[in-house]
Amino acid sequence: MIRVAAIDELPPGARRLVQAGQRTIGVYNVGGTYVAVLNACPHELAPICLGRVDGTTLPSKPGEWRWGREGEILVCPWHGWEFDLLNGGRCLTDPRALRTYPVEIRDGAVWVAE
Amino acid sequence: MRESIIDTDIHPAANPKHIAEFLPQPWRARWEMGNMGSPPLGYWNPNGVRRVDAIGPDGAPIASDPVHLSKLFFDPYGIEYGIFLTEPHQVLLTPEPDFAAAVASAINDVMIQRWLPVDARFRIAMHVSPVDPALAAREIHRVGDTPGVAAVMLPSGARMAYGDRYYDPIYQAACEHHLPVCMHPGTEGAGISGAPTSAGYPGSYFEWHTGLVSSFITHLVSLLAQGTFQKFPGLTFVLVEGGVSWIPPVLWRMDKNWKGLRKSVPWLDRLPSEIAREHIRMTTQPIEEPDRPGALQDMLGMFDAAKMLMFSSDFPHWDGDTPDFAGRHFKGELRRRVMSETAREVYRLPPPAGD
């Protein structure tokens with residue numbers, strides 16, 4: 001396990017990058033849920049953790065606009081593919097998903113299993 | 001030995017302040033007032049058009065600084081040569097012909113004087129405005145023989161298709177200076193160009209961007225049908241960032257039509273697809289990504305990809321392809337042709353070191 005940060009250093013909406021050998025892992029606090037993902041987009045291997053965490057337009061009828069999922073969607077900085085941090089890093093538009101890692105809370109800190 | 005990679009579509013951004021330095025009056029005063037000619041049409045790309053991570057350690061966009069571009073893009077990807085299709089493009093379609101031509105000249109001067117000396121791997125596709133082809137030809141005569149000028153760029157947003165004889169002075173000048181003409185998308189709907197599609201204005205960036213292929217089809221068919229390559233047998237016309245997979249079926253349709261309609265285009269002495277094979281080149285990005293990867297391989301067998309297709313990254317735009325991502329589609333000799341050697345011929349680049 002790699003220690004990411006003390007719990008109060010990773011408040012909701014925050015992100016930390018940790019190094020695990022050659023790999024970089026991004027650890028996100030998504031509204032109290034901790035999510036760790038490999039810093040590589042499954043499409044063209046972009047450094048996805050440099051992308052913003054955003055809301056998105058929810059599925060809707062033509063001409064209807066509904067905004068939601070604020071702070072839950074990681075957007076790739078290259079091609080704009082959207083990944084759902086709260087659903088296993090699934091992509092909203094492609095079968096490929098982010099690689100995720102287990103996160104544990106122990107001794108007042110956030111830990112990630114590489 | 002490292003693989004040669006020649007990137008045929010890179011987008012530096014010329015600094016507006018530097019452009020101003022090369023503008024004569026009254027255009028400099030106008031430019032410095034903030035009136036820089038026709039703006040983009042204004043569709044919303046939620047990702048921004050430029051990659052948000054393409055930023056140097058000092059916070060400056062990589063594409064706005066020649067040293068950044070050299071060290072942070074050419075070096076890590078091992079780019080042997082890169083063809084610059086410098087931004088901005090929309091201004092080339094601004095309705096005032098003298099202003100559009102002056103800005104094109106100023107952008108060329110910025111690139112020649114501030115960028116080309118920084119790195120011997122840099123090459124530019126020079127700007128011209130198609131609004132007045134005589135002025136465009138004058139600009140090609142002015143800088144076309146400058147070392148580092150490797151091509152002439154035309155925006156694919158246009159008021160007439162590029163096979164129209166109106167544009168012949170541009171092709172005449174390009175041929176005299178042995179420069180290929182590179183057409184690049186993104187200005188459809190801007191300035192004096194027509195509507196982005198033959199049926200008007202799309203309702204989103206997504207719809208507009210997908211439909212850019214219709215602009216490319218229009219220009220390709222026009223160039224072949226109106227006899228541009230019979231008039232200018234030395235001309236190479238590069239379809240940059242137009243996609244790839246639509247080419248074979250459009251050429252099939254042209255060939256089929258030619259067999260019954262040749263009488264209406266008597267200068268076409270052979271199949272349009274044969275003329276295309278000699279004179280048309282395409283760049284890879286945005287390479288299509290069909291669910292069944294074999295479909296792309298099938299498509300690559302439907303035209304002479306080894307002769308016609310050249311790698312491009314489109315760096316730093318949101319829909320770019322890295323060399324390794326695009327390159328994995330091409331094997332053996334085809335890969336060598338696509339990643340470097342066809343471009344070396346088209347842009348008249350030196351042989352690789354050691355040859």
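Visitor: Hi! How many helices and strands are there in chain B?
Guide: Hello! In this predicted model, chain B has 14 helices and eight strands. Its radius of gyration is 19 Å, close to the 20 Å that the globule rule gives for 355 residues, so chain B is as compact as a globular protein of that length.

Visitor: Nice. What box do its C-alpha atoms fill?
Guide: Along the principal axes, the C-alpha atoms of chain B take up roughly 55 × 45 × 45 Å.

Visitor: And what share of the chain B residues is buried?
Guide: Of its 355 residues, 57% count as buried. As for contacts in chain B with a separation of 6 or more, 80% come from residues 24 or more positions apart.

Visitor: Switching to the backbone: where are cis peptide bonds found in chain B?
Guide: One joins B:Q25 and B:P26, with omega about 5 degrees. Another runs from B:Q285 to B:P286, where omega is near -5 degrees.

Visitor: Which loops hold those prolines?
Guide: B:P26 sits in the loop between α1 (16-22) and α2 (27-33), while B:P286 is in the loop between β7 (280-283) and α11 (293-300).

Visitor: What about phi of B:D314?
Guide: B:D314 is not a glycine, yet its phi is positive, about 65 degrees. This residue lies in the loop between β8 (309-310) and α13 (323-327) of chain B.

Visitor: Is B:D314 buried or exposed?
Guide: Buried, because its relative accessibility is 0%, and the cut-off for buried is under 20%.

Visitor: And A:D107, buried or exposed?
Guide: A:D107 counts as exposed, at 69% relative accessibility. Phi is positive here too, near 55 degrees, and A:D107 is in the loop between β10 (103-106) and β11 (109-112) of chain A.

Technical notes. Residues numbered from 1 in each chain as written. Chains lettered and ligands numbered in written order. Predicted model: local features only at pLDDT ≥ 70, side-chain atom pairs only at ≥ 80, totals over all residues. Heavy atoms only, no water. Helix = DSSP H or I, 4+ residues; strand = E, 2+ residues; numbered from the N terminus. Rg over C-alpha atoms; globule rule 2.2 N^0.38 Å. Buried < 20%, exposed > 50% of the residue type's maximum accessible area, 1.4 Å probe, protein only. Contact = heavy atoms within 4.5 Å.
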